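Here is a short briefing to read alongside the model. Have a look at the structure first, and then we can walk through it together.

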Amino acid sequence: SGATAVASLQTQLTDALGDAIAAAYPAQRGADPLIRPSDHADRQANAALALAKKVGAKPREVAESVAGQIDVGDVVGQVEISGPGFLNLTLTDAALWRQVEARRSDDRLGVPASAAGVRTVIDYSGPNIAKEMHVGHLRSSVIGDALARILTFLGSDVVRQNHLGDWGTQFGMLIQYIDEHPELPWRHTEITATDADGENASTVSALDGLYKAARAVFDADPDFADRARARVVALQAGDEATLATWRDIVKESQYAFDEVYARLGVQLTEEDSAGESFYNDMLDGVADELEAAGIAVVSDGALVVLSEEVTGPDDEPVALMVRKRDGGYGYDTTDLATIRYRIRDLGADRILYLVDSRQALHFRLVFEAARRAGWLDPERVQALHVPFGSVLGADGKPFKTRSGGTVRLMNLLDDAVAAALTVVREGAGAKGTEVDDEALQLIAEQAGIGAVKYADLSGSRVKDYVFDVARMTAFNGNTGVYLQYAHTRMVSILRRATERGLRVPEQVPAAVETSLEPAERDLILTLDTFADVLAEVAVDLEPHRLAGYLYELSRAFTDFYESCPVLASEGTVRDRRLALVDLTRRTLATGLDLLGIAAPERM
Ligand code: ARG
């Protein structure tokens, strides 16, 4: 089976109704027939109301004229005019079934490679070296990874970039402290699995502890402060011993991040890491180029780019800091370098920065400067800040530990997995199924991680949401567990079919003697919009559309399952239903995978 793009029924109906409109009113060729879901038929066309004004007739008359031109029989089986001029459209069973077979016979489920030829650079995750990842990094990682997977599936050439915070003066102090305290453990081979509070320890939490200790000594002991400052100079000058420790700190931190990625199923590897330090030797060039072009100007001894678009509260233009008075470079300069590098060297057609919404101004200024510098031609390259909201605690305030610290992601995931374990154990108990403990643990891991990711992905991106483990891991409602459970039911039907010697038929003929049940029609129509939903996500970068779609699909499946017996039916009807279960399972599994969520075989 190869890759054949399949025109969705929505597209086919739009074309058919578009032709009918053009036949009835040649001057209105190209008008959108406005095909929408309907309570009375498979779909309805709402165009007559808008057309009526343009052609100077009553909507009902327009509906009649258009209806008279519809080619009834192949795709549209029945047309009815209702209300002021809606066209209720019933599809033929054959048209519905052709879609099922076309999607089933294709590895890509008929989804066109609509993003082929587009190189997309996705900047996501971006944790800071020697610090724990926080919930903001969780969101960036989970959403960025889903977009990377979806755009890859749509044929885009995706380049992942992990913009690690791996450079800055803070490392001088940390390195000096580490150097003076060789007895303190921080490498993953040295630290024990749990810390004093019984929590999982990691190399980044150890490093963060050392940094805090260094800071305290720095404030109390002027001699140490001097040695730490000297160390910053040594680091910036490329002193080999200092760099060696810095590299070690980066490597150990990456080790801790990789553990989180592995557990989350986030497809970032060390090869994707291009942190702030990666741009070090480009910064002079970036600053010089901007200055030579007159875009960066000296102000108070610093080199800045003053915005031509944004002013601050004082009505003065806001500034990007290109070079500080002391000659140092910071976050702004590095991001000027990222955009130049990604366009010039990586050949990006589209650049996505998955960073929380509080950095909106930063990216607006970076993109503006890049346009003025001529690096970013908006006609050719799309640079986008893809913002997201905050994760809140039960109190509705930004998610923090009780003492106000950063919540460790690993602990958060442990909590979710523990909650999921209770839920799946109860579920197994209620069904009376014997599941051994090891299998239960694996299911709980998939369900707990899936729950966290789904909760993050199922809301509109820019909205804040409350981290509530109990709600996330519920079997009912719009949760990851609900979707995973729906998948296991599909697997179970197919498994029982096999046990009875039944097979999913290669192909079921479209000319059918028994008509399709309403729940079957509904399921087919839902299956058929998968590609359209993915195409929308590629444009507006809102993975919650896919999440919502998979939820709808699971609900359509539940309705089908309750009203259309599969194994207890016979002949063609059973063949069709087996085929539908098969296509639904593949669509759901593919969709979950595109969100980076496991599709378990049993729960
Ligand atoms: N390290 C930054 C942070 O923790 C995120 C980096 C985002 N990417 C970028 N190109 N600025 O906030």
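L541 counts as buried, because 20 C-beta neighbours lie inside 10 Å; buried takes 20 or more other C-beta atoms within 10 Å, with C-beta atoms placed from the backbone. This is a predicted model, where local features need pLDDT of at least 70, side-chain atom pairs count only at pLDDT 80 or more, and totals for chains, interfaces and linings use all residues. Residues are numbered from 1 along each chain as its sequence is written.

**Positive phi**
- Most residues other than glycine have a negative phi.
- L541 is not a glycine, yet its phi is positive at about 55°.
- You will find L541 in the loop between α18 (530-540) and α19 (544-563); helices are DSSP runs of H or I with at least four residues, strands runs of E with at least two, numbered from the N terminus.
- L109 also has a positive phi of about 55° without being a glycine, and sits in the loop between α4 (93-104) and β5 (119-123).
- L109 is buried, with 20 other C-beta atoms within 10 Å.

**Helix crossing**
- The axes of α10 (residues 283-292) and α11 (residues 331-344) come within 9 Å and cross at roughly 90°; axes are lines fitted to C-alpha atoms over the stretch in contact, and angles run from 0 to 180 degrees between N-to-C directions.
- The two helices, α10 and α11, are therefore roughly perpendicular (65 to 115 degrees).
- L283, V286 and A287 of α10 meet T333, L336, A337 and R340 of α11, contact being C-beta atoms, placed from the backbone, within 7 Å.

Terms used
A residue is buried if 20 or more other C-beta atoms lie within 10 Å of its own, exposed if 12 or fewer, and partly exposed in between; C-beta atoms are placed from the backbone. Angles under 35 degrees count as roughly parallel, over 145 as roughly antiparallel, 65 to 115 as roughly perpendicular and the rest as oblique. Two residues are in contact if their C-beta atoms, placed from the backbone, lie within 7 Å.
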